[in-house]
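Colleague: Before we start, please show me the model. I would like to ask how some of its descriptions are reached.

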Amino acid sequence: MKQMGELQIMFDDFFTRALIAGIGIAIIAGPLGCLVIWRRLSYFGDTLSHSALLGVTLAYSFSFNITFSVFIISAVVALLLINLQKRTKLAGDSLLGLLAHSTLAIGLVLIGFLTSIRFDLMGLLFGDILAVDVEDITIVYLGGAAILLILYFIWKSLFSATVNYDLSAAEGMRPEVSNFIFTLLLAGVIALSIKMIGALLITGLLLIPAAIARNISSSPRQMVIIATLAGVISVIAGLFVSLEINTSSGPSIIVVALLLFIISLIPLEIKGQLQK
Amino acid sequence: MAENNNLLVKLDNCGVYKSSKWIVRGISLEIHKGEIVTLIGPNGSGKTTSAKMILKILKSDEGQIKNFASKMAYVPQKINIDWTMPLRVVDFMKLTSHINNLEIVDALKLTGVDNLLYNDIHNLSGGEFQRVLIARAIAKKPDLLVLDEPVQGVDFNGEIALYNLIKKICSTLNCGILLISHDLHFVMSATDHVICLNGHICCSGTPRSIVKNSAYIELFGEHNATTLSLYQHNHDHSHETDGRVTNNV
């Protein structure tokens, strides 16, 4: 009973809740971020997170669960993109821009109708990790566990298709299935983190830790582990910094990640000098 | 019925239609266990497309494909691995299968690159990478092996050694092999059946009958057709992939 009491007190503290939620997000973002970098999907991530705004607006309009609504909208946009790519000859980045900005615009137009609700647009764009409650944490950890479990099962197929699609298809890895599931997982991580990190910064938390990891790793497994650690460190350090000097939490996490990225360039630099 | 048990893949009048034209059409062929089938033809003649139909990467837009192979392995013509992916040879070898390091080293030894096990894949030379690609496919112990221009970038002596290896693999694994090449020069001695492609099957048969075929000579020119016959001689020794002389021809 005493332990339960301590746990209760721990969760009572908004800062501890933020730490726990943030660490959860970073752990999910590590492996997914590596895949985003390997597959050159950073703009894809951006598009999904911009469309997440529409998801949030719809959730407010119909008093729906935000996470669920964002997931549905992101997934729909992702599938729409795949469909559009087959139909038009427009380049991938143009289609991404088209979807990102039009969903963002629809979201913003809808916000205009929601006069009855005081709407925190800043909170939506940049997130508010300090406002998470126990329910949010539960969703992050349950959803995160589901995402990581699915990722574990499709990893070999997904990874081989990332290296070479034809080879993966020829050798029976069913890459078309794992690619589809991966798209949904990406929509899932965005849905889980929008409340905490915000629509504008989610891709940063996916990309930067993976970029840090690339600079200092020599195998895929190493890269995934380092990316996860770098994400966790960024979250912890970023939150403490924001508490200490009173800055907004989401952006502080990303700034810390950026600093880690700069530090991670040093070993590359030294290696380059040695090789000369 | 015994012959049917050996059948791995059978294409019956297959073709691929893309951007309002037929890339290849009217492809009928069979590959059996323990047999090497070679596809030859000029650039853009549909060799790779045909291979992709066999590998189930592309669907055939007409005709019928029967594929009885339980495990296929593929050496693609071209692989670009992005720098953002940190990948060592050992990771690449495990790409689509769960094999242990011992099996990996054994396969790499066959193509003479076992010393590269922990090397970064981005730092390999073209020939070294090609040897790793072949080793990866062999390590899978497939019953159907498809090799698309497998010896590109490999030096002259290495080329002969690798073709001999492919021939050896065919008999030790008792697998069917589909080999794609743009010249018959080296493939000659290692192949059982040659199919000459140019959007459709121009001619097919044993290597010796193909070089005399008028359709083949028309496609490749008199000069190439005669160079081929020059290669029909035997060495009294052979070389390992690293150049050492061996006598077990």
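What follows is a short exchange about a predicted model.

Colleague: What makes up the secondary structure of chain A?
Modeller: Chain A has 12 helices and zero strands. A helix here is a DSSP run of at least four residues. Read from the N terminus, the elements go α-α-α-α-α-α-α-α-α-α-α-α.

Colleague: Why is chain A called as compact as a globular protein of that length?
Modeller: The globule rule gives 19 Å for 276 residues, and the radius of gyration of chain A is 19 Å, so the description holds. Along the principal axes, the C-alpha atoms of chain A fill a box of roughly 50 × 50 × 40 Å. Buried residues account for 48% of the 276 residues. Of the contacts in chain A between residues at least 6 apart in sequence, 72% join residues at least 24 apart.

Colleague: How do you know that the length of helix 3 of chain A agrees with its number of residues?
Modeller: Helix 3 covers residues 42-61, which is 20 residues. The expected span is 1.5 Å times one less than the number of residues.

Colleague: Why is helix 3 of chain A called largely enclosed by the rest of the structure?
Modeller: A residue counts as buried if 20 or more other C-beta atoms lie within 10 Å of its own. In helix 3 of chain A, 14 of the 20 residues are buried, so the helix is largely enclosed. Just after this helix, Ser63(A) takes a positive phi of about 35°.

Colleague: Now chain B. What makes the sheet open, and which are its edge strands?
Modeller: Six strands form the open sheet in the order 5-6-7-3-8-9, with mixed pairing. Strand 5 (72-75) and strand 9 (201-205) are the edge strands, as each pairs on one side only. From one strand to the next, the twist averages 15°.

Colleague: How do you know that strand 6 and strand 7 of chain B pair?
Modeller: Pairing needs at least two bridges found by DSSP. Strand 6 (residues 144-148) and strand 7 (residues 176-181) of chain B are joined by five bridges and run parallel, so by the cut-off they pair. Val146(B) stands opposite Leu178(B) in strand 7.

Colleague: Which strands does helix 2 of chain B touch?
Modeller: Helix 2 (residues 47-54) of chain B packs on the sheet and touches strand 3 (36-40), strand 6, strand 7 and strand 8 (193-197). The direction of helix 2 makes about 160° with that of strand 7. Helix 5 (residues 126-139) of chain B lies across strand 5 and strand 6, at about 180° to strand 5.

Key:
Residues are numbered from 1 along each chain as its sequence is written. Chains are lettered from A and ligands numbered from 1 in the order in which they are written. This is a predicted model: local features need pLDDT of at least 70, side-chain atom pairs count only at pLDDT 80 or more; totals for chains, interfaces and linings use all residues. Helices (H or I, at least four residues) and strands (E, at least two) are DSSP runs, numbered from the N terminus. A residue is buried if 20 or more other C-beta atoms lie within 10 Å of its own, exposed if 12 or fewer, and partly exposed in between; C-beta atoms are placed from the backbone. The radius of gyration is taken over C-alpha atoms; the globule rule is 2.2 Å times the number of residues to the power 0.38. Two residues are in contact if their C-beta atoms, placed from the backbone, lie within 7 Å. Axes are lines fitted to C-alpha atoms, for helices over the stretch in contact, and angles run from 0 to 180 degrees between N-to-C directions.
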